[in-house]
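Please read the following explanation with the model open beside the text.

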Amino acid sequence: MTETKIISIILPCRNEEKFIAKCLDSILAFTIPNTYSIEIIIIDGMSEDQTKEIILKKKENHPYIHVIENPNKFQSFALNIGIKAAKGDYILRLDAHADYPVDYLSLLLKTAIRTGADNTGGLIHTKPYNDSYAAAIVQALTTHPFGVGNSGFRIGMKEGPADTVPYGFFKKEIFSKIGFFNERLIRAQDYEFNRRIIKNGGNIWFNPNIQMSYYNQPNIITFLKKQLFFEAPYNVYMWYLAPYAFAYRHAITGVFAAGIIFGALLSLFLPWFSVLYLSVLILYFCLAILSSIQQSIRYKKTAHLFTLPLCFCLYHFIHGIGILWGCLRVITKTAPIFKIKENEIQ
């Protein structure tokens with residue numbers, strides 16, 4: 001008789017009442033591969049809305065759903081809590097701000113077995129938060145190479161080895177080999193862990209046939225705040241803690257923002273430099289306009305022709321300011337990562 005193996009699905013969440021029911025329904029609809037069973041471990045970060053009540057209602061009819069509290073609230077802590085509680089041979093880490101097709105799990109397992117990858121993942125389809133035009137702008141910004149660079153899992157790439165994949169389907173043994181997620185990183189912990197896998201001789205595999213839907217920020221203001229205060233600075237903190245995780249696509253906006261600021265200052269004192277500065281800005285906006293035309297056609301929204309060029313610039317500049325701010329906080333030892341001692345990381 002064939003022994004049944006377990007796949008552990010870990011799902012960190014906090015204040016996700018708008019998305020958690022749809023997310024769980026999609027997980028519960030997964031096609032479960034033969035000889036496997038699943039457990040769903042939900043790690044709730046002390047939600048202050050109806051998230052936990054919705055989860056407990058789902059749990060009534062699905063006893064393999066387990067709920068654990070995460071008093072530290074942040075995702076990196078939740079991931080480690082879930083991994084340590086998991087019983088599976090494989091661990092699938094999912095996001096509550098997303099939903100998944102029925103074949104998502106089976107495709108991950110087949111790909112992982114076929115390739116022997118330590119971590120397997122696929123393509124993100126970025127969806128607007130709601131039906132508003134404000135949400136459509138964020139979708140357009142984050143689904144074009146001009147906006148997000150060579151982020152293959154967002155814009156598409158061929159099947160093969162990758163530097164990172166979204167969320168991840170891990171061999172559980174990888175955590176025994178290289179450790180857990182770095183709890184000093186409340187952002188960018190996924191990317192650092194994936195680069196740590198590669199650094200230690202492991203492999204990460206991207207399969208574009210594995211696809212899921214992720215719901216982005218509701219408007220450009222909340223999106224830019226996230227870039228400025230979390231995403232960008234934590235890229236810098238990650239580089240400080242894990243230099244092997246450095247990627248040019250994360251750093252280029254810092255160069256862009258510094259160029260805008262110092263270029264403007266130099267132009268005041270060096271007339272010849274102002275010509276070069278203006279030429280670079282014209283080239284940038286030509287690329288932004290071309291990208292906006294492409295996104296306008298792609299999403300059938302004429303308004304993108306007029307809004308996206310400026311929004312691309314704001315996105316790159318604000319993210320770049322966040323990179324520079326992160327650098328300053330590292331240099332002055334005021335970054336939040338210095339509040340947690342290295343020996344406190346499990």
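**A guided reading of the model**

Helix α13 covers residues 304–331, and at 1.5 Å a residue its 28 residues should span 40 Å; the end C-alpha atoms are 39 Å apart, which agrees. The expected span is 1.5 Å times one less than the number of residues in the helix. Helices (H or I, at least four residues) and strands (E, at least two) are DSSP runs, numbered from the N terminus. After α13 comes Lys-333, whose phi is positive, near 60°.

The model is a predicted one: local features need pLDDT of at least 70, side-chain atom pairs count only at pLDDT 80 or more, and totals for chains, interfaces and linings use all residues. Residues are numbered from 1 along each chain as its sequence is written, and side-chain values use heavy atoms, with hydrogens and water left out.

The strands may be followed next. Strand β1 (residues 5–13) is largely enclosed by the rest of the structure, because 7 of its 9 residues are buried. Here buried means under 20% relative accessible area, exposed means over 50%, and partly exposed lies in between (1.4 Å probe, protein chains only). Strand β1 runs parallel to strand β2 (residues 36–44), and 9 bridges join them; two strands pair if DSSP finds at least two bridges between them. Within this pairing, Cys-13 stands opposite Asp-44 in β2. Between β1 and β2 the chain passes through helix α1 (residues 20–28), and this β-α-β crossover is right-handed. That term applies if, with the strands pointing away from the viewer, the path from the first strand over the helix to the second runs clockwise.

Strand β1 also runs parallel to strand β4 (residues 90–93), to which 4 bridges join it. Ser-8 has Ile-91 as its bridge partner in β4. Strand β2, in turn, is joined by 5 bridges to strand β3 (residues 65–69), again in parallel. Asp-44, which stands opposite Cys-13, has Glu-69 as its bridge partner in β3. A right-handed β-α-β unit is made by β2, helix α2 (residues 51–59) and β3.

The aromatic rings come next. How many aromatic pairs does a search of the whole structure find? The search finds 23. Rings of Phe, Tyr and Trp (its six-membered ring) pair if their centres lie within 6.5 Å; planes under 30 degrees apart count as stacked, over 60 as edge-to-face and the rest as tilted. Tyr-100 and Tyr-104 form a tilted pair, 5.1 Å centre to centre with 50° between the planes, and both residues are buried. Phe-175 and Phe-180 form a stacked pair, 6.2 Å centre to centre with 20° between the planes. Phe-175 counts as buried because its relative accessibility is 4%, whereas Phe-180, at 22%, counts as partly exposed. One aromatic cluster is formed by Phe-146, Phe-256, Tyr-284, Phe-285 and Phe-312.

Charged side chains also meet the rings. Lys-84 lies over the face of Phe-180, at 5.0 Å from the ring centre. A charge sits over a ring if NZ of Lys or CZ of Arg is within 6 Å of the ring centre and within 35 degrees of the ring normal. The charged end of Arg-187 likewise sits over the ring of Phe-230, 4.8 Å from its centre.

Several single residues complete the reading. Ser-76 lies in helix α3 (residues 75–85) and counts as buried, at 0% relative accessibility. A polar atom of the Ser-76 side chain lies 3.3 Å from the backbone oxygen of Leu-185. Gly-147, in helix α6 (residues 145–148), is buried at 10% relative accessibility. The C-alpha atoms of Gly-147 and Cys-313 are separated by 9.2 Å, although these residues are 166 residues apart along the chain.

Backbone angles deserve a final look. Most residues other than glycine have a negative phi. Asn-15, which is not a glycine, has a positive phi of about 55°. Asn-15 is placed in the loop between β1 and α1 and counts as partly exposed, at 31% relative accessibility. Ala-188 also has a positive phi, near 70°. Ala-188 lies in the loop between α8 (173–178) and α9, and at 18% relative accessibility Ala-188 counts as buried.

Definitions and conventions
Polar contact = N/O pair within 3.5 Å; in protein donor to acceptor, adjacent residues only side chain to side chain.
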